[in-house]
Amino acid sequence: MKRSRMMGYLTDSVLVLLAVTLTSCGGGYGGGGTGLAPAAFTLSSPADAATGATTTPTLTWTGSLYATDYRVQIDTVNAFTSPVVNAVVPAPTMTFTVPASTLTSTLYFWRVIAENAYGQAVAGPRSFTP
């Protein structure tokens with residue numbers, strides 16, 4: 001009864017039903033049950049057209065609301081027809097470190113695709129040269 005007094009007219013049974021409903025619907029990061037595709041987001045680093053980067057850079061981006069995972073792609077062409085990296089990172093992680101021996105000293109393009117069951121949002125491409 002203490003909750004009822006604090007919450008006004010809500011009873012304990014209504015609070016339990018509300019808690020179960022909110023848990024089932026999901027929301028925020030994860031996107032489960034929201035019915036919404038991931039929101040727009042941006043790439044953070046390396047900066048576009050960066051040169052002299054390491055061959056094992058850590059790519060970073062801002063979070064995309066409702067994303068359940070992020071697909072990180074790196075390719076030598078900005079159409080991403082044959083990515084040398086095509087990795088999936090679970091949300092809410094917003095970084096990816098390129099494995100050793102993957103890149104050489106050439107121009108690369110990178111992008112990140114936020115995904116969930118309802119769609120995608122793409123950030124990029126950007127380029128860098130190790």
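In what order do the three strands of the open sheet with antiparallel pairing stand? In this predicted model, the order is 1-3-6. Strand 1 (43-45) and strand 6 (95-97) stand at the edges, and each has a single partner strand, so one side of each is left without a neighbour in the sheet. From one strand to the next, the twist averages 25 degrees. Strands of a sheet pair through backbone hydrogen bonds, and the pairing may be parallel or antiparallel. Strand 3 and strand 6 are joined in the antiparallel sense by three bridges.

The protein has two helices and eight strands. Read from the N terminus on, its elements follow the pattern α-α-β-β-β-β-β-β-β-β. Of the 130 residues in the protein, 32% are buried. The accessible surface comes to about 7,200 Å², and carbon and sulfur atoms account for 59% of that surface. Contacts also reach along the chain: among those between residues at least 6 apart in sequence, 61% join residues at least 24 apart.

A second open sheet is made of five strands in the order 2-8-7-4-5, with mixed pairing. Its edge strands are strand 2 (50-51) and strand 5 (85-90), and each of these pairs on one side only. Strand 7 (residues 108-116) and strand 8 (residues 119-129) run antiparallel and are joined by eight bridges. Along this pair, Trp 110 stands opposite Arg 126 of strand 8.

The nonpolar residues come next. The largest nonpolar core holds 22 residues, and those that touch the most other members are Phe 41, Leu 59, Trp 61, Ile 74, Phe 96 and Val 112. Two or more residues each come from strand 3 (58-61), strand 4 (69-75), strand 5, strand 7 and strand 8. Strand 7 gives the most to this core, with four residues. Leaving aside residues up to four places away in sequence, Trp 61 touches Phe 41, Thr 42, Leu 43, Ser 44, Tyr 70, Val 72, Thr 93, Met 94, Thr 95, Phe 96 and Val 112. Among these contacts are Phe 41, Phe 96 and Val 112, which are also listed with Trp 61 among the core residues that touch the most other members.

Another polar contact links the side chain of Gln 73 to the side chain of Arg 111, at 2.6 Å.

Where are cis peptide bonds found? One joins Ser 45 and Pro 46, with omega about 5 degrees, and Pro 46 has its place in the loop between strand 1 and strand 2. Another runs from Gly 124 to Pro 125, with omega near 15 degrees, and Pro 125 is found in strand 8.

Positive phi values come up too. Ala 49 is not a glycine, yet its phi is positive, at about 65 degrees. Like Pro 46, Ala 49 is in the loop between strand 1 and strand 2. Ser 101, a residue other than glycine, also has a positive phi, near 65 degrees, and lies in the loop between strand 6 and strand 7. The relative accessibility of Ser 101 is 79%. Since the limit for exposed residues is over 50%, Ser 101 counts as exposed.

Definitions and conventions
Residues numbered from 1 in each chain as written. Predicted model: local features only at pLDDT ≥ 70, side-chain atom pairs only at ≥ 80, totals over all residues. Heavy atoms only, no water. Pairing = 2+ DSSP bridges. Core = buried A, V, L, I, M, F, W, Y, C linked by side-chain atoms within 4.5 Å. Buried < 20%, exposed > 50% of the residue type's maximum accessible area, 1.4 Å probe, protein only. Contact = heavy atoms within 4.5 Å. Axes fitted to C-alpha atoms, helices over the stretch in contact; angles between N-to-C directions. Areas by Shrake-Rupley, 256 points an atom, 1.4 Å probe, with all protein chains shown as cover. Polar contact = N/O pair within 3.5 Å; in protein donor to acceptor, adjacent residues only side chain to side chain.
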